[in-house]
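Here are a few notes from going through the model. Have it open alongside as you read.

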Amino acid sequence: MQKLLGQVRRCVEDYRMIDAGDTVAVGVSGGKDSLVTLTALARLRAFYPIPFTVHAITLETGTPGMCFDAVADLCRQLDVPYTRIQVPVYDIVFNERKEKNPCSLCAKLRRGSLNTALTDLGIRKIALGHHYDDAIETLLMNLLFEGRIGCFQPVTYLDRTGITQIRPLLYCREEDIRRAAQRLRLPVVHNPCPANGHSRRQEVKELISGLEGRYPDIKQKLFGSLQR
């Protein structure tokens with residue numbers, strides 16, 4: 001966790017993600033990435049020279065079998081306010097619309113609900129759990145499936161909502177995040193979504209894994225190209 005905290009602090013400073021007095025929301029899906037983001041920012045808050053506060057938000061999408069009570073316990077341990085919002089995303093995507101490719105609509109609905117929640121709470125900055133590997137995968141997904149070169153930014157200002165998105169895990173590798181979540185015994189919530197593990201992102205993840213066998217430094221080169 002100390003290694004990750006160092007990477008998070010360096011990323012926050014490199015891209016000036018946090019200003020004095022900010023309340024930074026963390027979108028907590030229950031996955032390892034969002035829980036590590038929450039834990040890292042809660043710990044960074046204690047010693048970072050710029051004062052800020054943290055507020056956790058979970059959209060409970062109605063996916064059967066998902067329970068966030070243990071996440072609520074973690075927030076109490078971290079002394080972080082926790083807001084849980086009920087949104088019928090699962091019902092809309094799978095029961096009403098019966099989407100064959102559900103990920104796009106699901107992401108759109110969750111994004112809109114999250115922005116509404118932030119506005120209602122008066123919060124204008126949110127930390128997302130995208131990490132080093134996510135950035136590389138997104139670059140290749142855009143190239144292979146959409147025919148364009150692009151990726152999300154470390155800091156993104158959304159004009160229509162006035163909300164700023166930050167990605168403080170951008171320097172952190174997924175394998176380190178997974179190990180940290182295990183060692184800290186974070187209450188990862190299993191996602192039983194029918195599309196989980198069968199997405200285009202999973203295809204690209206497997207493609208990169210196969211290429212690493214022949215080109216061990218492929219991730220460093222791709223991430224370096226994004227930074228440049």
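1. Start with the H2/H7 contact. On the H2 side, Lys 32, Asp 33 and Val 36 take part, and they meet Glu 174, Ile 177, Arg 178 and Ala 181 of H7. Bear in mind throughout that this is a predicted model.

2. As for the geometry of that pair, the axes of H2 (residues 32-47) and H7 (residues 174-183) come within 9 Å and cross at roughly 75°.

3. Next, have a look at Ile 18, which sits in the loop between helix H1 (2-14) and strand S1 (23-27). Is Ile 18 buried or exposed? With a relative accessibility of 4%, Ile 18 counts as buried, since the cut-off for buried is under 20%.

4. What does Ile 18 touch, leaving aside residues up to four places away in sequence? The contacts are Val 12, Val 24, Leu 41, Ile 50, Phe 52, Lys 125 and Ile 166. Take Ile 50 from that list: 32 residues separate Ile 18 and Ile 50 in sequence, while their C-alpha atoms are 7.7 Å apart in space.

5. Now for the surface. Leu 143, Leu 144, Phe 145, Ile 149 and Leu 207 make up a nonpolar patch there, and together they have about 480 Å² of accessible area. Helix H6 (residues 132-146) contributes the most to this patch, with 3 residues.

Notes:
Residues are numbered from 1 along each chain as its sequence is written. This is a predicted model: local features need pLDDT of at least 70, side-chain atom pairs count only at pLDDT 80 or more; totals for chains, interfaces and linings use all residues. Side-chain values use heavy atoms; hydrogens and water are left out. Patches are made of residues with over 30% relative accessible area and no salt bridge: like charges are joined within 9 Å, nonpolar side chains (Val, Leu, Ile, Met, Phe, Trp, Tyr) within 5 Å. Accessible areas come from the Shrake-Rupley method with a 1.4 Å probe; for residues, only the protein chains shown count as cover. A salt bridge is a side-chain nitrogen of Lys or Arg within 4 Å of a carboxyl oxygen of Asp or Glu. Helices (H or I, at least four residues) and strands (E, at least two) are DSSP runs, numbered from the N terminus. Buried means under 20% relative accessible area, exposed over 50%, partly exposed in between (1.4 Å probe, protein chains only). Contact means heavy atoms within 4.5 Å. Axes are lines fitted to C-alpha atoms, for helices over the stretch in contact, and angles run from 0 to 180 degrees between N-to-C directions.
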